[in-house]
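Me: Can we go through this structure together? I'd like to ask about a few details as they come up.

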Amino acid sequence: MMKDHARLMQAFSAVDEIVGRKKLQKIIFIAKKHNYAFHEKYQFHFFGPYSEELTLRVEELCNMGFLKEYNEKKSGYYQYRYEITDEGRDFLASQELPSAELQPFLTDLNQQSSRFLELVSTILYFDSLEEEECIEKVRKVKEKQNYTDDECQEALAYIAHLKTLS
């Protein structure tokens, strides 16, 4: 059970902090789709791929004192920020995990906007479809986001870029 928690801790350790619950969900989903050892189950939700398991694990890590969750009021809504604690670093050091090089991959993802990661993760969610069909599906399920042709092409190029990092 704690191996999955430790893998998440490894992700937080690689990037120092992640700002936003949606961004966290997308980063882990995209890493999973690129064959990093995350085992959370995902289903399609309002903002794209979502894992209740991930939400629960993060909550458990916060309750154990391994992660610190900060919530900041931002123009009418709360934004959550996650950082690994010293106790979390100690826990991570005690775990025997494969040393897959996560840092460059996750750092690159963490530098992207939540909106862009939502698009990328949604494309990856429907990656069993042909590219044109996939983009059509994304536009249908994400109609309110109004993704442009340029944004879709940028997301496809970014997915190709991520393959060079994984």
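Reply: Before we start, a residue is called buried when its relative accessible area is under 20%, and exposed when that area is over 50%. Please also bear in mind that this is a predicted model.

Me: OK, is Phe126 buried or exposed, then?
Reply: Phe126 counts as buried, because its relative accessibility is 13%.

Me: Now aromatics, how many pairs are there?
Reply: The count comes to 9 aromatic pairs. One of them is formed by Phe29 and Tyr125, which are tilted, with 6.2 Å centre to centre and 40° between the planes. That pair links distant parts of the chain, since Phe29 belongs to helix H2 and Tyr125 to helix H6, 96 residues apart.

Me: And how are the rings of Phe44 and Phe126 placed?
Reply: Their centres are 5.4 Å apart and their planes stand at 45°, so the pair of Phe44 and Phe126 is tilted. Because Phe44 lies in strand E2 and Phe126 in the loop between H6 and H7, the pair ties together parts that are 82 residues apart in sequence.

Me: Which residues do ring pairs link into a cluster?
Reply: The cluster consists of Phe29, Tyr42, Phe44, Tyr125 and Phe126.

Me: Switching to H7, which residues are buried there?
Reply: In helix H7, which spans residues 131-141, Cys134, Ile135 and Val138 are buried. Seen down the axis of H7, the buried residues fall within an arc of 95°, so they line one face of the helix.

Me: What covers them?
Reply: The cover over the buried residues of H7 includes helix H6 and helix H8, while the face turned away carries the exposed residues Glu132, Glu136 and Lys140.

Methods:
Residues are numbered from 1 along each chain as its sequence is written. This is a predicted model: local features need pLDDT of at least 70, side-chain atom pairs count only at pLDDT 80 or more; totals for chains, interfaces and linings use all residues. Side-chain values use heavy atoms; hydrogens and water are left out. Buried means under 20% relative accessible area, exposed over 50%, partly exposed in between (1.4 Å probe, protein chains only). Helices (H or I, at least four residues) and strands (E, at least two) are DSSP runs, numbered from the N terminus. The arc is that of the directions from the helix axis to the C-beta atoms. Contact means heavy atoms within 4.5 Å. Rings of Phe, Tyr and Trp (its six-membered ring) pair if their centres lie within 6.5 Å; planes under 30 degrees apart count as stacked, over 60 as edge-to-face and the rest as tilted.
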